[in-house]
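Here are some friendly notes to read with the structure open beside you. Take the points one at a time and find each residue as you go.

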There are 2 protein chains.
Amino acid sequence: MTTTLAVGIDVGGTNTSFGITDEAGKIHVSGHISTAAFDAVEDFVAELNAKLAPRINRLGRERVVGAGIGAPNGNFFTGEIVFAPNLPWKGVLPLAKLFEHASGLPTVLTNDAKAATIGEMIYGAAKGINDFIVVTLGTGLGSGFVANGRLIYGHDGLAGELGHVTAVAGGRLCNCGKIGCLERYVSATGIAITAAQWLQERTTPSMLRDINSKITSHDIFIAASKGDALALEIFDYTASIFGTVLADAVAITSPQKIILFGGLAHAGDLLLVPLRKYFESALLPIYRNKIQILTSTLQGADAAILGASALVWENRNQMAVKYSN
Amino acid sequence: MTTTLAVGIDVGGTNTSFGITDEAGKIHVSGHISTAAFDAVEDFVAELNAKLAPRINRLGRERVVGAGIGAPNGNFFTGEIVFAPNLPWKGVLPLAKLFEHASGLPTVLTNDAKAATIGEMIYGAAKGINDFIVVTLGTGLGSGFVANGRLIYGHDGLAGELGHVTAVAGGRLCNCGKIGCLERYVSATGIAITAAQWLQERTTPSMLRDINSKITSHDIFIAASKGDALALEIFDYTASIFGTVLADAVAITSPQKIILFGGLAHAGDLLLVPLRKYFESALLPIYRNKIQILTSTLQGADAAILGASALVWENRNQMAVKYSN
């Protein structure tokens with residue numbers, strides 16, 4: 001018996017990872033290419049296909065159901081990447097169509113947070129769960145909402161931008177042009193801004209003051225792990241903002257689980273313990289003590305490949321070559 | 001050819017309306033009984049069935065697919081009313097089961113805002129729309145979210161409590177025990193609190209000062225209609241809070257339409273014009289200028305009956321007598 005397979009491709013600003021997986025979550029082969037090295041997206045796609053084609057042929061092309069791509073600002077409905085600030089190619093890029101033409105494989109595309117969400121549903125902590133939220137805590141804050149067992153894409157494919165709800169009225173200016181967006185506080189970038197601001201404003205001693213380069217979220221994690229009071233207070237503040245926003249999101253979709261994914265989720269209890277406290281106190285009483293907040297068990301480059309390949313399993317009934325020219 | 005029919009029952013704190021409708025939205029017969037007059041829910045159900053049974057028999061019992069009930073704090077999953085503060089009966093009431101036993105009709109129940117939402121989907125402005133939000137603006141603020149063509153119930157049946165997201169940090173105390181909930185600002189009750197507070201705090205002249213009884217949302221509407229500056233500012237303030245919360249909700253579900261239903265929605269442009277302004281400016285740029293905010297075309301007692309009966313059409317494949325004892 002031969003299992004069927006799916007290609008998963010995770011497009012990042014610097015590197016692109018790819019793999020060929022089965023439905024049980026085993027990655028049979030994997031690899032990566034540079035994203036940043038290609039001035040034209042067509043050349044990037046050609047190289048990606050050149051790397052993948054021999055691997056696909058070796059495993060058996062007839063076993064491969066299709067390809068899933070997770071990419072920044074990816075739109076599931078159109079298969080396009082739409083104005084992604086961190087990619088070398090500008091404007092609207094029909095990446096699903098380009099890859100489908102190059103590879104001959106039916107291809108679906110979505111943004112990286114939605115790919116991670118479907119990855120949790122197919123392989124991770126949300127298996128068998130119909131109502132849950134995934135929040136990806138990286139450079140920014142992304143999210144995917146699942147209700148009635150289906151990912152919410154919204155009428156335009158652009159649902160799930162929890163990073164841009166107003167978390168602090170009159171707060172920090174966001175890259176999107178709005179004020180006080182959640183991701184300016186709760187993300188690797190956001191927590192580092194809090195640290196820089198507080199070190200400037202306050203005179204409290206902190207081991208963070210010994211860092212001569214630009215402070216990173218990892219520095220704050222290390223300091224907090226060692227008991228640094230200011231670093232712990234930064235996590236507490238971050239958790240207070242995040243907890244309130246998550247409680248408001250619960251009032252909309254009432255999920256069974258909230259799964260945190262990505263860099264800042266590695267902070268574990270430093271984030272989770274204060275987060276659960278603020279979250280519970282901000283919840284409407286009917287929701288208290290029944291919604292789990294946990295960190296993903298899928299992590300690293302493999303998780304992104306699994307998430308992208310999970311797109312294929314999630315859409316298997318619709319997988320067909322569809323970009324006709 | 002005989003059309004099939006559904007019973008719709010809208011349970012309010014004072015009165016309960018009922019009707020028998022067809023799928024085109026025609027109400028063939030209707031009536032009402034007092035809610036408040038019955039000390040025991042069993043007596044209320046008996047009277048409701050006594051009024052309905054002869055009407056059902058006259059139209060043809062075999063044509064009636066089932067009954068839908070919209071009720072405060074109704075839970076679709078359990079068929080129960082759960083601790084509804086405005087009803088004469090306390091605790092957890094298995095109303096769907098009681099009515100099913102009394103009438104012999106398969107019965108589904110949900111809360112009044114979710115019934116209104118399904119009413120919009122079957123009969124109203126959301127017909128054929130897969131992603132939309134309904135907000136009911138009455139004494140409180142209720143909501144229903146539809147994504148992928150299905151109402152979001154959440155894992156526990158309790159999704160859609162937009163009235164209890166934190167709209168104003170450190171704001172007004174809500175009946176639910178939380179601080180700054182949306183419905184303390186945006187509802188018939190909320191706008192009246194704003195008026196009372198501002199009349200006390202300020203010395204601005206206003207025709208609202210001539211009212212000797214407790215100010216109602218209708219008084220504010222009348223004053224604003226006549227150009228009263230304070231009343232207009234009250235609508236502007238209400239819209240500013242509502243617009244920000246709606247923009248945040250859009251970032252989660254990206255709806256095509258937002259439909260306002262109930263008393264305060266009758267204020268029309270007095271609310272809609274400032275609301276659209278604040279809403280658009282609070283939206284993430286990718287969502288701007290494409291989401292409609294409009295008022296329901298279904299209004300009054302008929303709308304509530306239609307909403308409740310729409311529950312039957314929405315669930316027709318699952319309609320069966322299910323409460324076995």
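1. Let's start with a group of rings. A:Phe38, A:Phe44 and A:Trp89 together make one aromatic cluster. Please keep in mind that you are looking at a predicted model.

2. How many aromatic pairs does a search of the whole structure find? Over all chains, the search gives 14. One of them is A:Phe44 with A:Trp89, a tilted pair whose centres are 4.8 Å apart, with 45° between the planes.

3. A:Phe44 belongs to helix α1 (residues 41-59) of chain A, while A:Trp89 sits in the loop between β6 (80-82) and β7 (92-93) of that chain, so the pair ties together parts that are 45 residues apart in sequence. Are they buried or exposed? A:Phe44 has 0% relative accessibility and counts as buried. A:Trp89 is buried too, with a relative accessible area of 4%.

4. A:Tyr185 is buried, at 4% relative accessible area, whereas A:Tyr237 is partly exposed, at 25%.

5. Next, turn to the place where the chains meet. Chain B brings 38 residues to the contact, and chain A brings 38 residues. The area buried between them is about 3,100 Å², and carbon and sulfur atoms give 59% of that area. Which three residues supply more than any other three of the area that chain B buries against chain A? They are B:Asn148, B:His155 and B:Ile252, with 23% of it.

6. Two salt bridges are counted between chain B and chain A. In a salt bridge between A:Asp156 and B:Lys290, the side chains meet at 2.8 Å, N to O. There are also 22 residue pairs in polar contact across the interface of chain B and chain A.

7. On the side that touches chain A, the elements giving two or more residues are β10 (141-147), β11 (150-151) and α6 (229-253) of chain B. The largest share, six residues, comes from α6(B). Sorted by class, this side of chain B has 20 nonpolar, ten polar and eight charged residues.

8. Finally, a point about the backbone. Most residues other than glycine have a negative phi. A:Asn289 is not a glycine, yet its phi is positive, at about 60°. You will find A:Asn289 in the loop between α7 (269-282) and β13 (292-295) of chain A, and it is exposed, with a relative accessible area of 70%. In chain B, look at B:Asn289: its phi is positive, about 60°, although this residue is not a glycine either. B:Asn289 lies in the loop between α7 (269-282) and β13 (292-295) of chain B and is exposed, with 70% relative accessible area.

Key: Residues are numbered from 1 along each chain as its sequence is written. Chains are lettered from A and ligands numbered from 1 in the order in which they are written. This is a predicted model: local features need pLDDT of at least 70, side-chain atom pairs count only at pLDDT 80 or more; totals for chains, interfaces and linings use all residues. Side-chain values use heavy atoms; hydrogens and water are left out. Contact means heavy atoms within 4.5 Å. Buried area is the accessible area (1.4 Å probe) that two parts lose on being put together, summed over both. A salt bridge is a side-chain nitrogen of Lys or Arg within 4 Å of a carboxyl oxygen of Asp or Glu. A polar contact is a pair of N or O atoms within 3.5 Å; within protein, one must be able to donate a hydrogen and the other to accept it, and residues adjacent in sequence count only if both atoms are side-chain atoms. Helices (H or I, at least four residues) and strands (E, at least two) are DSSP runs, numbered from the N terminus. Ala, Val, Leu, Ile, Met, Phe, Trp, Tyr, Cys and Pro count as nonpolar, Asp, Glu, Lys and Arg as charged, and the others, Gly among them, as polar. Rings of Phe, Tyr and Trp (its six-membered ring) pair if their centres lie within 6.5 Å; planes under 30 degrees apart count as stacked, over 60 as edge-to-face and the rest as tilted. Buried means under 20% relative accessible area, exposed over 50%, partly exposed in between (1.4 Å probe, protein chains only).
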